[in-house]
Amino acid sequence: MRLSRPTGGGPSGGDEDDSALLRAVARGDTEALAVLYDRHAGWLHARLARRCADEETVREVLQDTFVTVWRSAGGHRGRGEAGGWIWVIAARRLVDAQRAGARADRAATHAAAPSGASPTAPSAEERVLAGLEYGEVGAALDRISPELAEVLRATVVDGLTTRETARLLDIPEGTVKTRALRARRELRAALAAGNPGGPHALGGTA
């Protein structure tokens, strides 16, 4: 499935219309997908481009986003705005692409390094992102309250703003901020309990 490069600006139409289009996409309506693309690709492209300077990566992520929308439209149950739901897909695809690029860069750097040279240490952000899914941070995340964990996953793993997280989870922005602070405190406590004296992966308060 190939969709043309976006030329539009911000989203148009109401969320009720978007939800109806997603229901049509879930039934296999390619015209509905094209309308969604025309409506949302422009602002998605602009937002992705602000987070990633590589134009090719942005285009690939945008394409992959709408392929995912095509395959997963039935998963949208009308909770929150359809545009926010699509953006979460795009944000996750971008994180995946950036992680893959970072792994490839590290592999190339390691291969080119002189024998016996130490590889470049991953940044604090890379350690947190990796840990949230695969390491001790992920295990600690499972031990904190579910409503706090979902806020931390949205803001840290998916890189969503407070407003975007509020739309995704259908809660007020103030609640997002409060839960994010509580989540970080509980996560640090869980990490400390599992690794006394070890480093605090998330550092200071948000």
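**Exercise 1.** Is D96 buried, partly exposed or exposed? Work from the relative accessibility.

*Solution.* A word on the source: this is a predicted model.
- Step 1. The relative accessibility of D96 comes to 36%.
- Step 2. Buried would require under 20%, and exposed over 50%.
- Step 3. D96 therefore counts as partly exposed, with its 36% lying in between.

**Exercise 2.** With which residue does D64 form a salt bridge? Then find the rest of the network.

*Solution.* 
- Step 1. D64 bonds to R93, and their closest N and O atoms are 3.6 Å apart.
- Step 2. This pair links distant parts of the chain, since D64 sits in helix α3 (residues 55-72) and R93 in helix α4 (residues 82-112), 29 residues apart.
- Step 3. D64 is partly exposed as well, at a relative accessible area of 33%.
- Step 4. Now take another pair: the side chains of E173 and R163 form a salt bridge at 3.5 Å, N to O.
- Step 5. E173 belongs to helix α9 (residues 173-194) and R163 to helix α8 (residues 162-169), so this bridge ties together parts 10 residues apart in sequence.
- Step 6. E173 is partly exposed at 34%, and R163 is partly exposed at 49%.
- Step 7. Shared partners join D64, R93 and D96 into one network of salt bridges.
- Step 8. Altogether, the structure holds 5 salt bridges.

**Exercise 3.** At what angle do helices α2 and α3 pack? Describe the contact, too.

*Solution.* 
- Step 1. Two packed helices are described by the angle between their axes and the distance between the axes.
- Step 2. For α2 (residues 30-51) and α3, the angle is about 145 degrees and the axes are 10 Å apart.
- Step 3. The crossing of α2 past α3 is right-handed.
- Step 4. Residues making the contact include L33, L36, Y37 and L44 of α2, and V58, L62, F66 and W70 of α3.
- Step 5. Sorted by class, this contact has 13 nonpolar, 3 polar and 1 charged residues.
- Step 6. Between the C-alpha atoms of L62 and W87 the distance is 10.0 Å, while 25 residues separate them in sequence.

**Exercise 4.** Which residues of α8 are buried? Finish with a look at S19.

*Solution.* 
- Step 1. In α8, the buried residues are E164, T165, A166 and L169.
- Step 2. After α8 comes D170, with a positive phi near 60 degrees.
- Step 3. S19 is found in helix α1 (residues 15-26), and its relative accessible area of 13% makes S19 buried.
- Step 4. Apart from neighbours within four places in sequence, S19 contacts H76 and A82.

How values were computed: Residues are numbered from 1 along each chain as its sequence is written. This is a predicted model: local features need pLDDT of at least 70, side-chain atom pairs count only at pLDDT 80 or more; totals for chains, interfaces and linings use all residues. Side-chain values use heavy atoms; hydrogens and water are left out. A salt bridge is a side-chain nitrogen of Lys or Arg within 4 Å of a carboxyl oxygen of Asp or Glu. Helices (H or I, at least four residues) and strands (E, at least two) are DSSP runs, numbered from the N terminus. Buried means under 20% relative accessible area, exposed over 50%, partly exposed in between (1.4 Å probe, protein chains only). Axes are lines fitted to C-alpha atoms, for helices over the stretch in contact, and angles run from 0 to 180 degrees between N-to-C directions. A crossing is left-handed if the near helix is turned anticlockwise from the far one by less than a right angle, and right-handed if clockwise. Contact means heavy atoms within 4.5 Å. Ala, Val, Leu, Ile, Met, Phe, Trp, Tyr, Cys and Pro count as nonpolar, Asp, Glu, Lys and Arg as charged, and the others, Gly among them, as polar.
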